[in-house]
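Here are some notes to read alongside the coordinates. They take up helix packing, chain and domain contacts, and backbone geometry in turn.

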Amino acid sequence: MPADMRARLGPGVQAELPNLVLAAAGCAGAGRELAQFVDVARVGALISKSIMAEPHTGNPAPRLAETPSGMLNSVGLQGPGVDAFLQRDLPWLLSRGARVVVSIAGQTIREYAGLAARLSDTAGVTAIEVNLSCPNAEDAGQLFALDPQRAGSVIAAVRGSTRYDIPVFAKLSPDVTDIVAVASACVAAGGDGLSLINTLLGMAIDPATMRPVLAGTYGGLSGPAIRPVAVRCVWQVRAAFPDVPIIGGGGVRTGRDALELLLAGASMIAVGTEIIHDPSACSRVLKELEEELASIGADRAVDVVGQAHGRIPRGLAWRA
Amino acid sequence: MAPIQIRGTVLTLRRVDAYHALTLVAPAIATKFRPGQFITVAVGGPETSTLGRRAFAVHDVRPDHGGTVEFVFEARGPGTRWLAALRARDTLDTVGPLGRPFPIPRDPSSCLLLGVGYGSAPLFALAARLRERGCSIDYLLGGESADRVFGALTARRNGRSAAVATTDGSFGARGPVTGLMEQIIREARTDVIYACAPVPVLREVTAIAGRYDIPVQASVDVPMACGTGVCMGCVLPVTGTDGITRIVRSCVDGPVFRGDLVRWDDMGTIPFDALGAPGWNPARSPESRYAG
């Protein structure tokens, strides 16, 4: 019998997901792109591209650079703005039976709060993921995610503006010396869950032109190259907050990679860059994860969550 | 029509001068294909360290083996070198057909098909389609040297005329293809130009065609990573028919664009009047497009 893959983003009924494999923010487009290859109703949830208050062009090209087992991007949050998202993209996803976690990005705390309020007035938002890796216009462009206090302030403002039954997840950056301190601030500010990890800041230089490859100079590194960093971050945060749900992501390519993050303490998995490489990655990773769980005799995915930390539940028949 | 993802089987892989032509058995892609569309392939095998998919314009589709798809490439990076080492019966993760195809004129027209390097590859399937509509075809092909002009023989066989220009003069005229363009346009009374070439050539082609008031359908070659629209990597500034410039994705809104709508001079930038650019103001944008 296949393992029970259900997961939940929060306590409410609407926060229950049929399975724990999610499409990561910025890797599923507006959903239509992905729907050509996978049934979006059967993806655990789609995390939208980060939505901003206004339309945003993003950065000039080149925006992408391929690196060993990774990808550098400086797309710069190109998007249609919240109005177009609510009029066009969200209704389409809901009509296809998808569950939508809306990622929000802002340049000020007010902007984040305003977006949360707009989304709270809309039916069909399963959860909000707060992209904290945005430059703070009021702090010389320093990313909110890099400072526990500023990250906490954003989460407090978003939680305060969000309807009570919509869970708020904080998406954390690994580019900090102490990710537990940032996680702690977000949980203390009322965050219902944590999503980790965002990309690592990187850079590539073309020896032929002797110039940076990306027009934006730096880019976020993603893909299997960063998976060990994701495993470490999830492990540390889980050890500090065993009861806070974690969406774990960072270079997940196979069901086995997903299992590794579950064992580290993630209760849901976000598949990101692998969607660029394989557009049907979400359904494939889910199938492979089901097979992995069957092979170790786990009946429910939730039973393996955090198991690398040492507790072994009763009744779980481990493979000899 | 919606693209699909399949494991295509390599039927043949052959050298064509400086390039390689790979034929895949991919019936479901072959039957949906329209000229100008492209496919993407994953390279490096299941444990690959190169994550970006490689995009190639489809050169030809044939009905044998239920349907085959052929594309042409140059082995110049780790991904294309891996492709060049494939053998018959190997399989390849393939997605297609993708992108906006070449629009076909309703009435018989005089068409100039311009291609540089292996960029010429998609022109021949287009020519077959145009001939069905009674169009006459003139070819203008170019490349750095004789071994980098793709399809000159086919062009000579099935075109009303076929001109060639190479940078080193080893085949045809010496110089850029655009040097021969005006003469052909005048002699052939060209109604429409289809062009597949590097961006600087497309810019020049569009400029020359504009002086003769001839529409250009340009297949833009910008690097892509996903081909499906999710990664937002292959963007360029394009003006819509509503006069508003948007940063659009070549893979879903192209790769074929009306040449006069692409802002060639602003490639690799975010024009200040693009929708959503820093300081963008919808009220004054179209009027002030060329100010400053």
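The numbered points below concern a predicted model, and each is kept to one topic.

1. Helix packing in chain A. The axes of helix H7(A), residues 255-264, and helix H9(A), residues 281-295, come within 7 Å of each other and cross at roughly 65°. Because angles of 65 to 115 degrees count as roughly perpendicular, H7(A) is described as roughly perpendicular to H9(A). The crossing of these two helices is right-handed.

2. Residues at that crossing. On the H7(A) side the contact is made by Gly255(A), Arg256(A), Ala258(A) and Leu259(A), which meet Val285(A), Glu288(A), Leu289(A), Glu291(A) and Glu292(A) of H9(A). Sorted by class, this contact has 4 nonpolar, 1 polar and 4 charged residues.

3. Burial of H7(A). Of the 10 residues in H7(A), 8 are buried, and the helix is accordingly described as mostly covered. The buried residues are Gly255(A), Asp257(A), Ala258(A), Leu259(A), Glu260(A), Leu261(A), Leu262(A) and Ala264(A). They pack against several elements of chain A, namely strand E3 (21-23), helix H6 (227-240), strand E15 (246-249), strand E16 (268-271) and H9. After the helix comes Gly265(A), which has a positive phi near 130°.

4. Contact between the chains. In the model, 30 residues of chain B are in contact with 32 residues of chain A. The side of chain B that touches chain A divides into 19 nonpolar, 10 polar and 1 charged residues.

5. Domains of chain B. The domain assignment divides chain B into domain 1 (4-98), domain 2 (110-220) and domain 3 (224-292). The C-alpha centres of domain 2 of chain B and domain 3 of chain B lie 26 Å apart, and the contact between these two domains takes 13 residues from domain 2 and 12 residues from domain 3. On the domain 2 side, the elements that give two or more residues are helix H6(B), residues 199-211, and strand E12(B), residues 216-220, with H6(B) giving the most, at 7 residues. The residues on this side of domain 2 of chain B comprise 8 nonpolar, 4 polar and 1 charged.

6. Cis peptide bonds. Most peptide bonds are trans, and the following two cases are worth a look in the coordinates. In chain A, a cis bond joins Ala61(A) and Pro62(A), with omega about -5°, and Pro62(A) lies in the loop between strand E4 (45-47) and strand E5 (64-67) of chain A. In chain B, the bond from Gly254(B) to Pro255(B) is cis, with omega near 10°, and Pro255(B) is found in the loop between helix H7 (250-253) and strand E15 (256-258) of chain B.

7. Most residues other than glycine have a negative phi.

8. Are Ser69(A) and Thr217(A) buried or partly exposed? Ser69(A) is partly exposed, with 18 other C-beta atoms within 10 Å. Thr217(A) also counts as partly exposed, because it has 13 C-beta neighbours inside 10 Å.

Terms used. Residues numbered from 1 in each chain as written. Chains lettered and ligands numbered in written order. Predicted model: local features only at pLDDT ≥ 70, side-chain atom pairs only at ≥ 80, totals over all residues. Axes fitted to C-alpha atoms, helices over the stretch in contact; angles between N-to-C directions. Helix = DSSP H or I, 4+ residues; strand = E, 2+ residues; numbered from the N terminus. Parallel < 35°, antiparallel > 145°, perpendicular 65-115°, else oblique. Left-handed = near helix turned anticlockwise from the far one by under 90°. Contact = placed C-beta atoms within 7 Å. Nonpolar A, V, L, I, M, F, W, Y, C, P; charged D, E, K, R; others polar. Buried ≥ 20, exposed ≤ 12 C-beta atoms within 10 Å, placed from the backbone. Domains from an automatic or database assignment.
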